[in-house]
Amino acid sequence: QDARRDDATIATEDAAEAARALLAVLTGAEPDGVWSAPGRANLIGEHTDYNDGFVLPFAIDRRTVAAVRVREDRRIRVASTFDPEPGPTRPEGPLDASAASGVGVGIEIDLADLAGGEFPRDAVPEWAAYPLGVAWALLAAGVDDPVGVDIALASDVPVGAGLSSSAAIEGATASALRDVWALDLDATALARIGRRAENEAVGAPTGIMDQMASMLGRRDAAIFIDCRSLEGTPVDLGFADAGLELLVIDTRVAHAHSTGGYGDRRAACERGAAALGVTALRDLSPADLDRARELLDETTFRRVRHVVTEDQRVLDTVRLLREDGPLAIGDLLVASHVSLRDDFEVSCPELDTAVEAALAAGAVGARMTGGGFGGSAIALVHREEADAVSQSVARAFADAGFAEPGIFVVEPSDGARRDS
Ligand code: GAF
């Protein structure tokens with residue numbers, strides 16, 4: 001287990017090294033500063049954020065690093081050692097600064113062309129819409145006399161694995177530009193900027209959970225977020241004291257939220273809320289479900305039931321963590337998965353296999369995490385059983401003829417920060 005933990009730590013150091021090396025290729029110089037922001041896993045509270053509801057994610061010990069240098073002119077350039085565009089051929093293997101040769105000089109644009117108006121989505125590759133979208137959203141919010149910048153990005157958050165590599169890019173970029181442009185914006189304001197970039201520059205209709213988790217993350221804690229008030233409260237997880245570890249099982253089924261099912265589920269929730277006469281599904285409680293069943297068509301009802309019961313599960317999880325500790329939350333994690341699988345219909349055979357195999361091998365709880373349609377599952381396991389659970393899941397994938405999953409331990413970690 002210690003070896004796995006070291007891997008994650010070293011990988012983030014590699015990302016910092018790779019970002020610095022890429023900046024040196026771009027500018028021939030050292031950075032003026034280095035910022036980083038983590039990916040996230042969601043403990044519970046799925047597809048509730050855009051319904052003004054509750055979520056309980058935590059930042060993971062995998063980060064995107066932004067090495068930044070101020071320019072003499074009024075242009076912004078972004079370059080990365082990765083291609084975060086979700087797709088079936090995700091980059092594998094160690095980060096390598098020499099990958100910089102493949103990205104040339106990056107993507108460069110005049111700040112004046114970015115300020116005012118819509119984001120020029122057709123003019124930039126999709127990966128660059130994340131960092132440039134953040135710059136665009138900040139400029140739209142008002143920046144006096146912004147200086148030009150070069151931003152080199154590297155990351156060890158797996159792309160397309162449902163661990164919010166996109167929020168990590170947004171968080172690192174937003175934190176860097178906030179400081180370089182001397183903006184008076186707190187972590188929540190930067191999370192909103194990140195969501196705006198994702199919604200309007202990238203074009204993915206996501207909620208705010210991932211950006212909030214990446215900005216507000218706290219070591220050994222999850223963040224209980226009310227997605228209406230945007231209040232975020234750390235809740236101690238105490239995994240280590242309880243002898244537990246959290247495994248991520250990356251199914252290697254790539255997902256993308258700018259297409260298909262995600263927007264469809266969001267629309268169903270909005271339809272349900274309108275039909276029931278509430279601003280958002282957050283305004284319903286489990287006691288309203290009988291009325292919902294009478295008024296809604298069968299599919300919309302099941303979508304609504306997922307959200308309403310999931311909000312309640314988040315509240316119950318927070319209470320149990322505070323009163324009894326993490327060993328008590330296993331059933332809630334499993335109930336969340338079943339609801340996402342049967343009512344919200346965003347799971348897939350690989351995620352179901354991961355959850356079932358982990359539970360059969362003794363996991364305390366397991367569920368898909370993130371938007372679904374692929375990506376990752378999480379399993380809360382006794383430390384001494386972590387290897388056995390990993391092997392059981394890998395065997396179940398092989399038996400089912402699925403690609404080999406990526407399985408690794410994550411540790412709840414700190415959110416976005418300036419590193420140097
Ligand atoms: C994705 C989105 F980006 C989040 O906003 C959230 O809706 C999640 O799916 C589902 O809970 O990660």
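Visitor: Why is V55 called buried?

Guide: V55 has 29 other C-beta atoms within 10 Å, and a residue is called buried if 20 or more other C-beta atoms, placed from the backbone, lie within 10 Å of its own, exposed if 12 or fewer, and partly exposed in between, so V55 counts as buried. Please keep in mind that this is a predicted model, in which local features need pLDDT of at least 70 and side-chain atom pairs count only at pLDDT 80 or more, while totals for chains, interfaces and linings use all residues. Residues are numbered from 1 along each chain as its sequence is written.

Visitor: Where is V55 found, and with which residues is V55 in contact?

Guide: V55 is found in strand β2, residues 54-70, where strands (E, at least two residues) and helices (H or I, at least four) are DSSP runs numbered from the N terminus. Leaving aside neighbours within four places in sequence, the contacts of V55 include N42, G45, M209 and V314, a contact being two residues whose C-beta atoms, placed from the backbone, lie within 7 Å.

Visitor: Is D52 buried or exposed, and what is its phi?

Guide: D52, in the loop between β1 (33-44) and β2, has 20 other C-beta atoms within 10 Å, so D52 is buried. The phi of D52 is near 65 degrees, a positive value in a residue other than glycine. Most residues other than glycine have a negative phi.

Visitor: What makes D145 count as exposed?

Guide: D145 has 7 C-beta neighbours inside 10 Å and therefore counts as exposed. The place of D145 is in the loop between α4 (126-141) and β5 (149-155), and its phi, near 55 degrees, is also positive.

Visitor: How do you know that β8 and β11 pair?

Guide: Strands pair if DSSP finds at least two bridges between them, and β8 (residues 244-250) and β11 have five, in the antiparallel sense. One of the residues involved is V248, whose bridge partner in β11 is F408.

Visitor: What is the order of the strands in the open sheet, and why is one side of β9 left without a neighbour there?

Guide: The four strands follow the order β9-β10-β8-β11, with antiparallel pairing. Because β9 (365-369) and β11 (406-410) stand at the edges, each with a single partner strand, one side of each is left without a neighbour in the sheet.
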